[in-house]
Amino acid sequence: MVGLGVEVVLEAELPGLHSALRLASVPVSVVLDPWLRQCFLNILDLPEVAQYVLFSLLYGADYIVYFCLSVLCHLQPLVLAHEGEAATNLYQKLITHQLTGFHSGDYLPFMDKLAAKYKSVLLQYFTDCIHS
């Protein structure tokens, strides 16, 4: 559910990153699955994990999508640098690599911009998924 929301917004807002991941045969939802299942533990520093939980609780479920997009945006240089390498190398790096230098506060304007544009669509999608 979250993976599809991230995929749709990623394609619209960060088309270069979306294309690079597609060319590397790395589905976004496959990368997001371990991150979300682990609540970003072992991926982000503990204060950033706490920020993720707080964003989700205080701002709503759609901020899970925006937070994931912020992490992917932060990883864009890494993804683009691995262009042409084997997909398994990039995939392994994305799901096992501890992120350094990611501060969710730096991406709050980005998340707010996305919320202004996609909040109603994402919340409707989440509601439809729950009711179907």
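The buried residues of helix H7 are covered by elements that include H1, H4 and H5, where contact means heavy atoms within 4.5 Å, and where helices (H or I, at least four residues) are DSSP runs numbered from the N terminus. The model is a predicted one, in which local features need pLDDT of at least 70 and side-chain atom pairs count only at pLDDT 80 or more, whereas totals for chains, interfaces and linings use all residues. Residues are numbered from 1 along each chain as its sequence is written, and side-chain values use heavy atoms, with hydrogens and water left out.

Within H7, the residues Phe110, Met111, Leu114, Ala115, Tyr118, Leu122 and Phe126 are buried, a term that stands for under 20% relative accessible area, with exposed being over 50% and partly exposed in between (1.4 Å probe, protein chains only). Although H7 has 24 residues, its end C-alpha atoms are only 30 Å apart, short of the 34 Å that a straight helix would reach at 1.5 Å a residue, the expected span being 1.5 Å times one less than the number of residues. A kink of about 65° is present in H7, centred on Tyr118, the bend at a residue being the angle between axes fitted to the seven residues ending there and the seven starting there.

Side chains of opposite charge can pair when their charged atoms come close. With a salt bridge taken as a side-chain nitrogen of Lys or Arg within 4 Å of a carboxyl oxygen of Asp or Glu, the count comes to four salt bridges. One of them joins Glu13 to Lys113, with the closest N and O atoms 3.6 Å apart; this pair links distant parts of the chain, Glu13 lying in helix H1 and Lys113 in helix H7, 100 residues apart. Glu13 is buried, at 15% relative accessible area, while Lys113 is partly exposed at 47%, and Glu13, Lys113 and Lys117 are linked in a network of salt bridges. A salt bridge also forms between the side chains of Lys119 and Asp62 (3.2 Å, N to O), again a link between distant parts of the chain, from helix H7 to helix H5 across 57 residues. Here Asp62 counts as buried at 0% relative accessibility, and Lys119 is partly exposed at 29%. Arg37 and Asp33 likewise meet in a salt bridge (2.8 Å, N to O), and, being four residues apart in helix H3, they are separated by about one helical turn.

Glu48, by contrast, is buried yet has no salt bridge, the nearest side chain of opposite charge being that of Lys119, 19 Å away (Lys and Arg count as positive and Asp and Glu as negative; His and the chain ends are not counted). Glu48 is found in helix H4 (residues 46-59) and, leaving aside neighbours within four places in sequence, is in contact with Phe67, Phe102, His103 and Ser104.

Technical notes
Helices (H or I, at least four residues) and strands (E, at least two) are DSSP runs, numbered from the N terminus.
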